[in-house]
Every structure is written in C-alpha cells, then in structure tokens.
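Hello,

Here is the structure I promised to pass on. Please open it first, then read my notes below.

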Amino acid sequence: MTEPPDSHERIDWTAPQRLTRLRRRHRANRRMQWLGLGAILTAAGLLAVLVLSLLASGLPAFQQSYVTLSFDLKPALVNPQDMRRGKWRKIVRNALFAALPEVKDRRLKRKVFRIVSRAAPYNLRDYVMKHPELVGKTITHQVLLSDPFDQYVKGVIPAHIGAGAQQRFNPRLGGPEVLAAFEKLRRDGRISLRFNRNLFLNADSRLPEQAGLAGAIVGSFLMLLVTFIISFPAGIAAAVYLEEFAPKNRFTDFIEVNINNLAAVPSVVFGLLGLALFIGYAGLPRSTPLVGGMVLSLMTLPTIIIATRAALSAVPPSIREAALGIGASRYQTVLHHVLPVAMPGILTGAIIGMARALGETAPLLLIGMNAFIPDVSGMGISEPATALPTQIYSWADSPERGFVARTSAAILVLLGFLLAMNSTAIWLRQRYGRRTW
Amino acid sequence: MTTITMLAVLLLALFGYWFGYRPARKAELAAAGGRALHSRPVYHGLYVAAWVGIPSLLLVLVWLLAQGPVIDRLLLQTLPEQALAGLSDAQIRVLLSKIHTLAAGHALPGTPPEYVTQAADTLKRWRMIAGWAMLAGALAPGLMGLFWARLRIAPQFRARQRVERILDGLMLACAALAILTTLGIIVSLFFESLRFFAKVPLTEFLFGPRWEPQIAMRADQVAGQGAFGMIPVFTGTLLISAISLLFAVPIGLFSAIYLVEYASSRFRAVVKPVLEFLAGIPTVVYGFFAVVTIAPALKAWLHGLGISMAPNSALVAGLVMGIMLIPFISSLSDDALAAVPMALREGSIGLGATKAETIRKVLLPAALPGIMSGILLAASRAIGETMIVVMAAGIIAHLTLNPLEAVTTVTVQIVTLLIGDTAFDSPKTLAAFALGLVLFLVTLALNVLSMMITRRYREQYD
C-alpha cells in the first residue's frame, strides 16, 4: 500500500513481492492469535497448578489415622468422682504397651509413646465422661496418632530421607525401633484411616492432628451475619436513593465519587479505620465478629450499591411508567414494582459481596480477629473469634508439618464455600436475570 | 444487655405498628366503600413504628459510644490517689485494661493490688447499672414517640407522605454512609499520623533512607532509637508492584484480545468462568501458594542456573501478585475492547486489514483510555495488596532494586507493626497509621487518575 493504486492500472495481486507481503501480514495475524491463546493458556495453567498443588497437599488432611487399642478403665485410674483428675495418660500408656509387649526399655518406651497423639488421653477422657457406664470395663476404642505417624501412614513423609550414601532415617519418626513398633501395630490391624471429622467438628489446637476448622467456620459465619445485616439494607437503600430519587447535583456526584473510590481503597486501610475508630475510639471489643463484621460491611457496601444500581437500571422504564400512571407514588412504584423485579440482580450482587468479605484477611488481622479459639462453645458476636482466612494465615505460619496439609485443607474448604456462593449467584442470574421485556 | 435493649426496642416498634395500624384499619372498615382515610392503615402503623424505633435506636447508639469512656473516667476517680500518682497516660491505660480483664472474669498474672480488684467489682456493678439505665433510657423516648405519633393519627392524617419523608431521610443517610466512611478513613489516618509526626519529623519520614522501627518497649530499656524513613519501604512496594504488572499486563491484555477478537463464543463461555474463579480466590490463598509452591520451585530452578535467590524475594511475591492481577486486567481490557463500536472493526476489515492490523492500529488506540485506566486500577491494587506480601515478602527493609533479594512493603509494615500490639501511642503503632495515610493517598491518586481518564474519553465514538 505504499504506492497509491492508479485507478486505470490493475494491480497484479499475484506478483511475488505482493504475495510475500501478504504472507507476512497473515503470519503476523497468526502470531497475534497464538500470543493471545498462549496468554490464556498461561493463566489457565497457573490456575491448574494452584488448584492441583492445593489438592495434592490438602486432600490427605481430609483423612485421619487412628490406632485401635484396648483400654482398661480401672476405677483406680479413672477416678470416677472427678474424671477430669483421672490418670488418663497412664491408661493410654498401659493400653499401648499391652499391645506392644516386646517394648521393655524405658527410654524406648518414652519414644514409642509418641506414636500416639498427645491429645489422645483427653479424647479418651471426654469419651468416657460421656459414657460413664464404661468405667471398670475394658473397652476397645480408637485414638489419634501423632502428627508424624499420621503423615507417615498417608505416605506424605517417607521412612528414609536423603539419597544414596546420605540416606538416613527420618528423624521425625523417632528411630528404627520406634518404627518397628509402629509396623507391629500396623500388622496387627490396629492402624486405620478414616474420614477426618475432627477437621469440621474441632476448633483450633496446637496439635495438628487435633486441630479443626469449627471455630473458624462459626467465627466467619457470625461475622458475615453482622456484615449482611448492616450492608444489605443500607446498600439497597443507598442504591435506590441514588438511582431513583437523588437530584442531579454536586452532593449526589460527590456521593458517587466516594462510592467508586471506596470500592478501590486497599482493604488494609479499612482495617486501620476499624482499629482507630471502632476499637480505639468507640471502645468496641477487640478481636470480635462484631467489629470484623462492621469493618467488612463498610467494604462490602460499595459492591452491593454498584450491583443494586445496575440491577435497578436494568428494570425497563415501562414498569415504572405503568405504576406511576395508575396513581402510585414514587415510593410505591419502587417498593412494590421496581425492587421485586430487580431482586435477583441485587441478591447476586449481595452474594458476590459476601463471598469477597468471606475471603478478606488483612483487615481482620489488624483488628485482631485471629484469636486462638480451642473451644467453640463460648463463641458469640462480641467474644474473641477467628475466621476462616485468618485461621489459614495462622496455620500457614505454624512450623508443624501437619499444618501444611491442614492449611491446604482449610483453603479447599474456603474455596468450596466461595464456589458454592458464586454458583448460587450465577444460578440466580441465569434463572431470573435473563428476562425479556 | 445490649441485645435485650435492642430486642425491647424492636418489640416496642412492632407494638407501635399494631398500635397505629389497628385504629386506621377500624376506621377503614367502618367507612366501607367511602373515603374514610387519606392513607392506607399500613402507613399509619409504619408511622408510629418509625417514631418509636428511630429515636430509641439513635439513643442506644449514642449511649453505647459514650458509655465506655464515661465509665472509665468515673472509675479512675474512685481509685486511691497514690495509685495514680506519677502515672503517664499509657500506664493509666494499662491499669484500666487490667481492671477490665479482671472484671471480664479472667485471671491476672500475680496478685493484683486490692484497689484493682475493688475497681473491677465497681466496674461490674456500674456496667450492670448502665445496662439497665440504657434500657430505660431507650424505652422512654420510644414510649413518648408512641403516644405522640398515635395522637396525630386521624382519618385525614397524611401518613403516607410522612412515612415517605422518613424513608427519604433514611435513604439519604445510607447513601451518605459512603461519605462518612471516607471521612472516617481520612480523619482516623490523619490524626494518628499527626501524633506520629509530633514524635518523628515529617522530613525524616518522607526522605529518610532507613526503616528500623525497633523501638524500646519500655522507657528504661536500652535499645536503638529506631529509624522511620519510608524510602526503602516504598521502593520495595514499587519494586514488587512493577514486577507484578510486568507479568500481568501482557498476559491479561493478550487474553482479553484473544477473548474479544479471536475466540469462538463456546471458548469464551469456558474461559470466562475460569478467569472469574481466578479473580475470586482470596489473597491469603495466593500467599500460601507463593510460600509453599512457587518460592521453592523458583529457588530450585534458579539454583540450577547458578543464581541464588532469597527465600522471600521480591520476585516470588511479584509473580504471584501478577497471577492475582491477570483476571483483573483481562476483564477490564475485555470491557474496553468490547466497547469499541463494531463499525470501526468493520471499516478496518473492509479496507483489507488483517485482524492483527485492526487490533494494533484501530482497536487498541480506541480502547487505550479504558485499558490505561484498568492498568492504573491494577497498580493501585498491587500497591495496596496485603496478604500475598505479608506471607511471601520480607519484613526487613532493604533499599535495593534487585528482584532476587528480600524487600518489604508498606502493607507488610502496617500489618507487622500492628499485629498483637494494643498500645496506641508508641511511635511503632503510630508509624503504621502514617504508612496507611501514604498508602491511602497514593491509591486515591491512582483511582482518581483512572476515573478521570475514563470520564474524559468516555463515549468518544458515539
């Protein structure tokens, strides 16, 4: 196209230099296409790596290994008057070495006892306290294995580490004699792998094999409840005002600029706001779902307002005009006719906002919502709590190997919740959103 | 007690609704067919309920805000004078928090002096009294509102207009919440920062080359003075953000180009949700991914090449942050490209240009404002992103531009300075607010710039 074509002269499109040029241009086109496809595949590949690595490290944590032992609940040891003071550690110890009569050496015994979780005596105690009729009998019961052996059963850690001449015994498993004792238990069929209910029923613990997500899930739920109660009505009211009632003036403009800007303010700044205003100034209790929910509701508000406005403006004017035409007031028009029609869109926006709030971590760390909660029973709106993402953060910081698997499992649970919420939103949008008028 | 008060107010409001609805409904029934009432009974009920609920709730809120500080001040006055003699503000606060812990039923380390246990008992008693007083105080205006509103109800009373006026006010208040939030952010950051700048000069904060916030916890401790120069912290932030944008902008932009211009609708239907899922992953997950997967893999790979990398290098944090930004940039560029009118595409293709030429010479220039504003928003997110860098970047501030070394960022410093620290007036915690102010201003500038670009060039082709 360098020389302007003469209208009288026919261009020879088959001339070699034209053909080379055309080929080059088509090559450039294909290059662009491949670049685009490559970019998408890169993004999808990274997502696949992320999900697969989480699944690989997290799925084992959905199972937990137990050892089945016969516990002799002698009243002398159980102390039926006050079971909390019973010698449960001794009972577990006796049961373990009854199953392993060949272990005699005192020092070896101490090492072998580490096969069983340190939580086992407490779990046994809680079980017997629930069934007091068992005192004096010998019962067969399953108790937790300690974290290294749990990992070993699942094949996450090997018996030997290093390669070739440098191969040595995995120090986390305590030594060959301990492992031999463990293999004896396994040969006797005492080791079993079951679905890990503890992950969902227990609260946090310093012991990986005992730690669960119940506290975090309850905390997140209470926090989202507060967020929803504040931001859903306030968001809808603000959006209805801006979309249907607000006069076009500078004040309205200012509100809109504020909303758009708030949607892009870093979340950690909201944490600072919560810390300075809600905790520092108003004196609300630190670490609680109440403060967490209030901070997150301020963050979610712009999302809900923007989504609600989009849903309201998608309602055809004919509906408004019809209602106004038969004598409804502007409020009656909006409340009786426009809002019900826009509701699916509003709910979609609210669910997406809630999903984002569920995954938010930084502001919760600042207001201290990463408390160590070993027991779910005392939780409340104004009691210290933790939430799912902050629990993930605390577990990710823990040095124990078992917590890596627990963290991945917690992430999978969190992603499961998010996926469920987002699918609900998409389903709502497709079920009710695509009406033709 | 708060819950009981709230419930009581709610019940009273419900009663108010019924109290207003019933006479109106009776009048409506009595004049069957005739025009007995101006407004439907519902509005009469709502009118009374609003007069009961709104004043009571406002009073409860004000009460809750004022109660803590007032009780604390009164409590300090009951303490013996020698207990307070010579105590600084911070020490008084520690004393108060001890009393609060004791009153909440937790044990204190050691045996507290007798006046502390006494004060804890007093606090418990006062809280109880304050709770009952709040209940009474909340119900009193509610009852007054109830009867006052009920008195006004008459067949010709324009209850609907009144209720709509109240709704007007409520909705305006909700919309103004956005302004209040912005105001709250600015005020809280600004005043805490002012207190910080009273201890550390502004010039040192802005231009100081060292960031070492290790300050003595107690006055008698001998420790370094601490340095609060934000240059290395800010450089680290910019370094990590730049890496993430260098990674995310090409990938995001090219995926958007492919999705809008080349992909079939079926491909789009598959890829779009994948990108949306990528965008919905919480950042704490990305942080964990960076630490557990990317960092070891990259370290091993670079080690194979003979390059050594710090375990929490800027490169890892930047790359993972880039992954987080890909869907963000992609969806904003997607919108910008899709908004270019079809006529421009058809014109270009009609002149014989290939698709790539159309994209490069026509679509990209036309969509440039949208894409630019998307990139600016992404930059603002990268600078404000917290969890990825908290988990994957360093804590010590190094002034370097080497992506293989560990750097720290503004957000990392905010979180590490504030985690587990409750004292509000040490320079350490105040420094976090000063950093927060800088962060807020920088992201605000980027957001406003992005908004201005879209406003200025919007609908250019209509």
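This is a predicted model: local features need pLDDT of at least 70, side-chain atom pairs count only at pLDDT 80 or more; totals for chains, interfaces and linings use all residues.

Lys137(A) sits in the loop between H5 and S2 of chain A. Its C-alpha atom is 5.6 Å from that of Leu73(A), although the two residues are 64 apart along the chain.

**The sheet in chain A**

Now the pairing in detail. Strand S1 (residues 63-72) of chain A is joined to S5(A) by five bridges. Gln63(A) is opposite Phe195(A) in S5(A). Tyr66(A) has Ser192(A) as its bridge partner, also in S5(A). Seven bridges join S1(A) to S2(A), and these two strands run antiparallel. Here Ser70(A) stands opposite Thr140(A) in S2(A).

Look next at Ser287(A), in the loop between helix H11 (267-281) and helix H12 (289-313) of chain A. Its phi is near 65°, a positive value in a residue other than glycine. Most residues other than glycine have a negative phi. Is Ser287(A) buried or exposed? Ser287(A) is buried, since 22 other C-beta atoms lie within 10 Å and the cut-off is 20 or more.

**Where the chains meet**

Contacts between the chains involve 70 residues of chain B and 67 residues of chain A. Which helix gives the most to chain B's side? Helix H6 (residues 159-199) of chain B does, with 19 residues. By class, the side of chain B that touches chain A has 48 nonpolar, 17 polar and five charged residues.

**Two helices in chain B**

Helix H13 (residues 355-384) and helix H16 (residues 427-457) of chain B pack with their axes 9 Å apart. The angle is about 170°. H13(B) and H16(B) are therefore roughly antiparallel to each other. On the H13(B) side, the residues that meet H16(B) include Pro369(B), Met372(B), Leu376(B) and Ile383(B). The H16(B) residues that they meet include Leu439(B), Val442(B), Leu446(B) and Tyr457(B). The contact divides into 12 nonpolar, eight polar and no charged residues.

**The nonpolar cores**

The largest nonpolar core has 189 residues. Those that touch the most other members are Ala238(A), Ala290(B), Ala317(B), Val320(B), Ile388(B) and Ala392(B). Take Ala290(B). Leaving out residues up to four places away in sequence, Ala290(B) touches Ala295(B), Val316(B), Ala317(B), Val320(B), Ile388(B), Met391(B) and Ala392(B). There is also a second, separate core of 32 residues. Among its members are Ile91(A), Leu96(A), Leu173(A) and Leu185(A).

Best wishes

Key: Residues are numbered from 1 along each chain as its sequence is written. Chains are lettered from A and ligands numbered from 1 in the order in which they are written. A nonpolar core is a set of buried Ala, Val, Leu, Ile, Met, Phe, Trp, Tyr and Cys residues joined through C-beta atoms within 7 Å. A residue is buried if 20 or more other C-beta atoms lie within 10 Å of its own, exposed if 12 or fewer, and partly exposed in between; C-beta atoms are placed from the backbone. Two residues are in contact if their C-beta atoms, placed from the backbone, lie within 7 Å. Helices (H or I, at least four residues) and strands (E, at least two) are DSSP runs, numbered from the N terminus. Ala, Val, Leu, Ile, Met, Phe, Trp, Tyr, Cys and Pro count as nonpolar, Asp, Glu, Lys and Arg as charged, and the others, Gly among them, as polar. Axes are lines fitted to C-alpha atoms, for helices over the stretch in contact, and angles run from 0 to 180 degrees between N-to-C directions. Angles under 35 degrees count as roughly parallel, over 145 as roughly antiparallel, 65 to 115 as roughly perpendicular and the rest as oblique. Two strands pair if DSSP finds at least two bridges between them.
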